[in-house]
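Please look at the model below with its sequence beside it, and keep both in view while reading. The paragraphs that follow it go from aromatic rings to charged side chains and then to nonpolar cores.

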Amino acid sequence: MADFYTEYVSKFRDAIEKHTFFCIVGHTSPDGDAVGACVALREYLESRGKKAVIVLPNAFPAFLSFLDPHGAIMIYDSCKEKASETLGAADAIVCLDFNSLSRVDEMGRIIAASTAFRMMVDHHVSPVAGDFDLLISDTHVSSTCELLYRLLTGMPDVASDASRLPMAASEALFTGMTTDTNNFSNSTYPSTFSMASALLAAGVDRTAILYRLYNQFSESRLRLIGELLKNRMTIVDGKFSYMVLTKELQRKYSYSKGDVEGVVNRPLEIGDVVLSALFTQDDDFVRVSMRSKEGTEISGFAKKYFNGGGHPNAAGGKLFMKIEEVPDYFVKTVREFGREAWVL
């Protein structure tokens with residue numbers, strides 16, 4: 001283990017030992033990595049006799065519900081008073097899979113005002129260190145689940161033996177790593193495969209997890225993806241793809257959160273396309289999801305034009321404009337940024 005991980009594990013161990021009631025928080029619009037990391041940490045802490053409660057800003061996609069079979073995860077938007085009380089009662093707040101309190105919207109103000117010990121475990125670039133008492137960050141891992149796996153297996157009671165982790169924690173870690181790499185298609189490192197191998201050897205059923213992640217959707221979801229790819233995909237200058245998911249389209253296909261997970265990657269299958277964007281209309285903003293091929297760094301693009309950020313080849317953000325204005329804005333900005341930053 002690298003020297004800085006030895007230091008991370010030491011500080012992580014101290015934080016676990018010194019506190020008794022942990023509130024575990026994931027980012028707004030939680031994905032597989034956020035939910036997986038939160039569940040894994042909760043399961044580990046409870047195995048140590050600690051009290052641990054997960055609070056997420058809003059609902060997570062239905063296909064991840066197998067990670068929360070008893071409905072124990074608290075959704076802030078659905079029970080603000082109870083969630084606020086939970087955050088206020090905890091003596092430690094652990095923030096997973098986000099780099100700034102701005103990523104949890106309204107909850108960020110509550111966490112910032114808390115006197116609890118605040119720890120962040122994350123793999124995104126540019127973490128806001130001032131938001132946390134302990135910052136554990138590594139951008140050279142596949143996912144926050146991989147980073148958390150390294151921390152947990154470094155603990156004395158686990159001692160690098162994944163079989164000593166609670167099985168529910170192992171399954172959650174494997175799920176988060178799988179979704180954040182698009183099933184090992186991107187952002188993988190030798191350590192990612194080592195983690196996967198160790199968890200499989202410890203008894204994780206990969207086949208069952210993949211079935212739950214990718215083979216439990218509705219017919220309308222598949223037809224929506226077909227509609228987006230066939231009729232809503234526009235390619236600009238032969239290199240930049242975008243799709244717009246309007247409210248009208250969402251109603252037509254009975255859209256549920258998570259239904260278009262991964263569809264933003266599909267246009268990158270086209271040889272000359274180097275960037276793909278999906279714009280999803282929400283009540284008060286337009287959600288932005290972007291992916292790119294190696295050599296086309298998009299975190300700066302997302303930060304400059306889309307109130308966001310992310311990884312070199314996977315980024316996102318928000319737009320506060322009418323959905324009808326989005327296509328022209330994307331074309332203008334992608335050409336402008338492309339001339340400055342990309343060799344095209």
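Predicted model: local features only at pLDDT ≥ 70, side-chain atom pairs only at ≥ 80, totals over all residues.

Residues are numbered from 1 along each chain as its sequence is written, and side-chain values use heavy atoms, with hydrogens and water left out.

A pair of aromatic rings is described by the distance of the centres and the angle of the planes. Rings of Phe, Tyr and Trp (its six-membered ring) pair if their centres lie within 6.5 Å, and planes under 30 degrees apart count as stacked, over 60 as edge-to-face and the rest as tilted. A search of the whole structure finds 15 aromatic pairs. One of them joins F301 and Y305, which are edge-to-face, with 5.6 Å from centre to centre and 65 degrees between the planes. Both residues belong to helix α11 (residues 299–305), where they are four residues apart, about one turn of the helix; helices here are DSSP runs of H or I with at least four residues, numbered from the N terminus.

F301 counts as buried because its relative accessibility is 0%, and Y305 counts as buried because its value is 9%. The ring of Y305 also pairs with that of F337, and since the centres are 6.2 Å apart and the planes stand at 90 degrees, this pair is edge-to-face. Y305 lies in helix α11 and F337 in helix α12 (residues 326–341), so the pair ties together parts that are 32 residues apart in sequence. F301, Y305 and F337 belong to one aromatic cluster, whose members also include F240, Y242 and W342.

Charged side chains meet rings as well. A charge sits over a ring if NZ of Lys or CZ of Arg is within 6 Å of the ring centre and within 35 degrees of the ring normal. The charged end of R221 is placed in this way over the ring of F217, 3.7 Å from its centre, and K318 lies over the face of F285, at 4.4 Å from the ring centre.

Finally, consider the nonpolar cores, which are sets of buried Ala, Val, Leu, Ile, Met, Phe, Trp, Tyr and Cys residues joined through side-chain atoms within 4.5 Å. The largest has 56 residues, of which F12, L41, I136, L148 and L173 touch the most other members. Helix α2 (residues 32–47) gives the most to this core, with eight residues. A second, separate core of 25 residues includes M290, A315, I323 and V334.

Note on methods. Helix = DSSP H or I, 4+ residues; strand = E, 2+ residues; numbered from the N terminus. Buried < 20%, exposed > 50% of the residue type's maximum accessible area, 1.4 Å probe, protein only.
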